[in-house]
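The report below covers the packing, surface and charge pairing of one model. The sequence and structure come first.

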Amino acid sequence: MSTTTTTPTAGRRIVPPRLSEYARTFVARHASVMPMLAALVILVLILIGAQIHFGDFVNPRTLSSLLLDNAYLLILAVGMTFVIVTGGIDLSVGSVMAFTGIAAAQMLDHGVSSAIVIPAMILGGAVIGLMIGVLVQYFDVQPFIASLAGLFLARGLAYVVSLKSIRVENEHVIWLQSTRWWFGEWYLTPTGVLALLTVVVGALVMKYTRFGRTVYAVGGGEQSARLMGLAVARTKVLVYVISGVCGGLAGLVLTAYSGAGYPRNGIGTELDVIAAVVIGGTLLTGGVGYVVGSLIGVLVYGTIHTVISYMGAEQSWMRIIIGLMLLMFIVVQRVIVVRAERRR
Amino acid sequence: MSRLIKHHLFWPGFALVALVVLNTVARPRFIEISVQHGALYGAPIDILRNSAPMMLVALGMTLVIATRGIDLSVGAVMAVSGAVALTIIDGSDSPGSVGTVLIAILVGVGVSLILGVWNGFLVSVLKIQPIIATLVLMMAGRGVALLITDGFITTVTSDPLKYVASGHLLGLPFAFFIWVAAVAVVSLVERRTALGVLTEAVGINPEASRLAGVRATGIILGTYVVSGGLAGMAGVIYSSNIMAADANAAGELIELYAILAVVLGGTSLAGGKFSIAGTVIGVLIIQTLESTILFLGVSSAQSPVFFAAVVVLVVLIQAPAVHRAARQFVQRRSANVPDITPGTEVAR
């Protein structure tokens, strides 16, 4: 460096590093967080842009309903994050959500108590998740195919339960949706609280528990994790069970949200969830990802939806814009990762 | 016997034969083929005809998967290609002329090739994960198709177009010849030139093949272009079958079925070795199964349960863990035969 002088004994003149250098070191040190930060920046930019364009977009009402409308997506995204960080994928989540939802609606319709129905939904999701996990871990089936079997199974079972939508009039389930806890202009619903709780629990488990660290280790290198003596098999099965549980929980939330069970719910939701998780900075190759990132990803996704419906654009444009947004995020992340790798 | 079992097409072939036998036992009419107006009819012929769209898509998918990729956008590409082709026919003065239909098909497939280039560019040049790169088009593609058809389902009346899916040539469905030709061309190009080996090399170890001087970028891009083009043709056949361009329903879930067919045929999603013959068998298994489910009188909405059961069954049959357990079981049965040295095959 040019800052060193010819006489070392005289000491070095210390030139404070420029701001750009700070930024560069920061980016290099926190390369894995960068995609998540990029998503956050873009979320803020979209919100600012929408605020300027519509005049009154960023207000407590819109933002509160953002959480309410996307609660089920958020819950699914948390489960999906676990799976994707291990390097797997779970295509079954949308169908599991539909199946547990319609099954619950049917049981409630037959007068079964919600104290039995709600645990049964979660158990149902867990069982399908367990099936996928066992196929993946013990029978060496690729996650894509194993969860595809889960998708077909849950979707078919949903149609076996009922071909039509079933209204839900159970007071406890309705309570989840209709209750509004007001904080000034802001409000929260029990479904929103459930979603946020899932995020908090998911984030804490990923960061602070032995299981969570094993999830990262498996995604980073399964062989190495095994050689380190980590419980790879148990972890790989458990992530699918977690995703299944999240599917069951999302089924509950969606049933409360729509006030009915419907077997065609959540077709293609798995792709929305994967898109949201990827936007939130989780790499599909595994090993890198944050539950909080998935929260940001879901918020970005939900905000784009809200913006498009505000604009009154057609359904066809919605798909194109979501696709382009996804593309933009992917390219941005790719650029960040490439630059971080080059600096190393 | 053990060499036969070891053959990579044994289990997929076994599954297909078993399905056909089961169907024939359950309803002998299944295997019956009748001749009406110089054309063959019957359940097997229907299966060969209806396989066409999935066969074309799965064929392209096989190549993409061999390079460690995946193409989720095929259904959306089908929708776009069908929308383009039928909009051209709808807008022309003579929708019934062969020339119009040929141009429409060429433009539809051409647009699909461009979409394939787009996918390939994202994957091979920008190095984006295939599942996400093709997810972009999967989401946006149907939107584009809806824009092309103005959000409506475009219907046309055109005999040459109808011929593509419903016509007969030499007594057999024309659609059958389309997929046979596609399979033959792809097999010849991949297996009679070094291209197939290079494709597998890229899939087995991208880094090593790069060091060996294989131009991975071009090969990977090429597979997505082929996949796009074949999906485009599949879209034309689909539209020809219903004589309409339905941007929402065209090729719905076909990406999953096509991937399933490829995997059933013994090609690993992890890339590398691929088997075109396996894929053909895989598609036929799925189509036979559809026909079986229809015959059983199950509501088509509930058919996914059967697919789930079959997927689980087939992947279990192919799973190494099950093979090991079966071998151990056989060994224990023949435990009175003392000298089983490790490595020797247990003859059945």
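Is B:Asp46 buried, partly exposed or exposed? B:Asp46 is partly exposed, because its relative accessible area is 38%. In this report, buried means under 20% relative accessible area, exposed means over 50%, and partly exposed is in between (1.4 Å probe, protein chains only). B:Asp46 sits in helix H3 (residues 43-50) of chain B; helices are DSSP runs of H or I with at least four residues, numbered from the N terminus. Its C-alpha atom is separated by 8.5 Å from that of B:Pro173, 127 residues apart along the chain.

This is a predicted model, in which local features need pLDDT of at least 70 and side-chain atom pairs count only at pLDDT 80 or more, while totals for chains, interfaces and linings use all residues. Residues are numbered from 1 along each chain as its sequence is written, chains are lettered from A and ligands numbered from 1 in the order in which they are written, and side-chain values use heavy atoms, with hydrogens and water left out.

**Core and domains**

The largest nonpolar core has 196 residues, and A:Phe144 and B:Ile259 have the most contacts inside it. Such a core is a set of buried Ala, Val, Leu, Ile, Met, Phe, Trp, Tyr and Cys residues joined through side-chain atoms within 4.5 Å. Helix H4 (residues 71-85) of chain A gives the largest share of this core, 13 residues. Domain 1 (51-296) and domain 2 (298-332) of chain B both contribute residues, so the core lies between them. The domain bounds come from an automatic or database domain assignment. The C-alpha centres of the two domains of chain B lie 28 Å apart, and their contact takes 9 residues from domain 1 and 8 residues from domain 2.

Contact means heavy atoms within 4.5 Å. Leaving out residues up to four places away in sequence, B:Ile259 touches A:Phe144 and A:Ile145, as well as B:Met61, B:Ile65, B:Ile70, B:Leu72 and B:Leu269.

**Surface patch**

A nonpolar surface patch of about 720 Å² includes A:Phe26, A:Leu37, A:Leu40 and A:Ile52. Patch residues have over 30% relative accessible area and no salt bridge; like charges are joined within 9 Å, and nonpolar side chains (Val, Leu, Ile, Met, Phe, Trp, Tyr) within 5 Å. Accessible areas come from the Shrake-Rupley method with a 1.4 Å probe, and for residues only the protein chains shown count as cover. Helix H2 (residues 34-54) of chain A supplies the largest share of the patch, 7 residues. A:Leu40, in helix H2 of chain A, is partly exposed at 35% relative accessible area.

**Salt bridges**

Over all chains, 5 salt bridges are found, each being a side-chain nitrogen of Lys or Arg within 4 Å of a carboxyl oxygen of Asp or Glu. Among them are these pairs:

| Pair | N to O distance |
|---|---|
| A:Arg167 and A:Glu169 | 3.3 Å |
| B:Arg191 and B:Glu200 | 3.4 Å |
| B:Lys273 and B:Glu200 | 3.5 Å |

B:Lys273 lies in the loop between H13 and H14 of chain B and B:Glu200 in helix H10 (residues 195-204) of chain B, so this pair ties together parts that are 73 residues apart in sequence. B:Lys273 is exposed at 60% relative accessible area, whereas B:Glu200 counts as buried at 7%. B:Arg191 is partly exposed at 36%. Both A:Arg167 and A:Glu169 are exposed.

Terms used
Helices (H or I, at least four residues) and strands (E, at least two) are DSSP runs, numbered from the N terminus.
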